[in-house]
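Q: I'd like to learn how to read the features of a model like this one. Can we go through a few together?

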Amino acid sequence: MNHIANSDTISFLKTLDVDLSLFFQALWRHVFCVEYIKVAVQASTEDQFRFKITRIFEAAKRQKQKEKLQQFVDDHSQQFWNTIDENVIELTDSLENGFNAEFGGELKKFNARAGFVHNLGSQQKVQLQQRAKKFLNDATLSELPSVIAALGDYTQGRQDKFFITVDGLDENWVDDDIKFQLLQALFETLKHLKKLRNFQVIVAVRNDLYVRMIRETPASQRQIEKYDDLIVRMKWTKAQLRSLAEKRIEEMFKRKYSSEQVGFDDIFKQKPDSRTSTWDFIVDRTLLRPRDVINFINLALDAAEGKSAVSKNSLLTGETNYSNLRHETLIHEWSGTFPGISPMIELLRDRPAYREASELMHSRLIEQLYDAMGGYVGYKLDDVWALMEGWVAGTQTLEPSSLAQIILYRLHLVGAIGLKLRPDRPWDWIYQTMRPVSEQQIDASTKFRVHPMLYAALGVRK
């Protein structure tokens, strides 16, 4: 995908403000069609491939779609022996070659002169945009809908199943400039692949990346609910997490010390206080995710190194280290989506865990956050900074209540706080409901509570 990010053609089209989503969707569809044919045919030689592919051709119910599929296989015959990386590069190069043939002169000027597009007259730019859009529409592999339809005929009634997993999307696999366009194109592609009944593409994506993908989508196209039927949200129960903790502790001590069975209660004997069990104390400070439980237990064991059991002091030391880790991780995960999330979380420091939204809805909130965000250039990338700058300059209004709504919405979305929107409703925690609230649902009577995982890191008063 970095080959795409570094493409002169893609850079030129982006500078022209041409929507690349159709090309990116075509790219994903093409790659998945090639991969499906590879796994469905399972040929080890080209002769075997040519023999087996005829079964797929014969299943097509419409002659035109059958011909499109045959043409697709003939045109891309080498790609069935390539890696996915090689196919993406080949497709991008094909786009560039076609683009160079039609826009070679403009592309040379773009590469030679900084600000070439910026210096174009408005009419020239519109004409160039229209030409580029027409080229993309013609070049975005228009045979793919027919190819998918023909493959869909082949998959009907089949008992075999094939899966492809897409993972590692939180890593630096491509520049942020196009990452979220590629992600949205991937989600759009998944809807079209549902026609392939025995083929499933499983995409593992963290919630912060999903939210940022939606936020990066132009407002006119933003429909977060349209992906709901594609999503399975991962949830663990306390019982499942307890079972995981027991198994890990048993295995860890069996390997390190003796073959005797050692469980959670054998290691965590001392309670943090008279009312709370050690297990509840730990799990209440997690977002009910395995990594949280594992990190807390490991840090408590580190604090108790050399001892036969984890004492109360070691548990509390582990909690402090775990809380600091969760604080850092929250900021790391979400600062790409909300660059100013760190100073917003700081608004919770050294304050009570349980408060009302009305306590934030005063003019000092704007001044306080403005000062906190003004000290670091990275925070100024947040759209909240632009709102406050306009307020300070007197060019736009900003009500403290509106800013408080934005802050509480974000803190709830990242998991830092829970919300009680009305007295007759239960507490709303994002890791339980998996659904964000809207800013408009938050008013002066809304109550909020800091998640216990941040108590120690922020000095929250319980």
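Q: Is W81 buried or exposed, or something in between?
A: This is a predicted model, so take each value as computed from it. Buried means under 20% relative accessible area and exposed means over 50%. W81 has a relative accessible area of 33%, so W81 is partly exposed. F49, by contrast, counts as buried because its relative accessibility is 9%.

Q: How do I describe two aromatic rings that sit together?
A: A pair of aromatic rings is described by the distance of the centres and the angle of the planes. The whole structure has 19 aromatic pairs. Take F49 and F80: the ring centres are 5.0 Å apart and the planes meet at 35°, so this pair is tilted. F49 belongs to helix α4 (residues 46–59), while F80 is in the loop between α5 (63–75) and α6 (84–112), so the pair ties together parts that are 31 residues apart in sequence. F49 and F80 are both buried.

Q: And what is the geometry of F49 with W81?
A: Here the centres are 6.1 Å apart and the planes are at 65°, so F49 and W81 make an edge-to-face pair. Distant parts of the chain are linked again: F49 is in helix α4 and W81 in the loop between α5 and α6, 32 residues apart.

Q: Which residues form an aromatic cluster?
A: F12, F99 and F103 form one.

Q: Which charged residue sits over the ring of F281?
A: That's R285, whose charged end is 3.8 Å from the ring centre of F281.

Q: What does F199 touch?
A: Leaving out residues up to four places away in sequence, F199 touches F32, Y36, F162 and I164. You'll find F199 in strand β2 (residues 199–203). With 6% relative accessibility, F199 counts as buried. For a sense of distance, pick I10: F199 and I10 are 189 residues apart along the chain, and their C-alpha atoms are separated by 31 Å.

Q: How should I read a sheet?
A: Strands of a sheet pair through backbone hydrogen bonds, either parallel or antiparallel. In this model, three strands make an open sheet, ordered β3-β5-β4, with antiparallel pairing. β3 (354–356) and β4 (417–420) are the edge strands, each pairing on one side only. On average, neighbouring strands of this sheet are turned by 25° against each other, ignoring direction.

Q: How many bridges join β4 and β5?
A: Four, with β4 and strand β5 (residues 447–450) paired in the antiparallel sense. One detail to check on screen is L419, whose bridge partner in β5 is F448.

Q: Which helix lies across β4 and β5?
A: Helix α19 (residues 400–414) does, and α19 runs at about 120° to β4.

Note on methods. Residues numbered from 1 in each chain as written. Predicted model: local features only at pLDDT ≥ 70, side-chain atom pairs only at ≥ 80, totals over all residues. Heavy atoms only, no water. Helix = DSSP H or I, 4+ residues; strand = E, 2+ residues; numbered from the N terminus. Buried < 20%, exposed > 50% of the residue type's maximum accessible area, 1.4 Å probe, protein only. Contact = heavy atoms within 4.5 Å. Pairing = 2+ DSSP bridges. Axes fitted to C-alpha atoms, helices over the stretch in contact; angles between N-to-C directions. Phe/Tyr/Trp six-rings, centres within 6.5 Å; stacked < 30°, edge-to-face > 60°. Lys NZ or Arg CZ within 6 Å of the ring centre and 35° of its normal.
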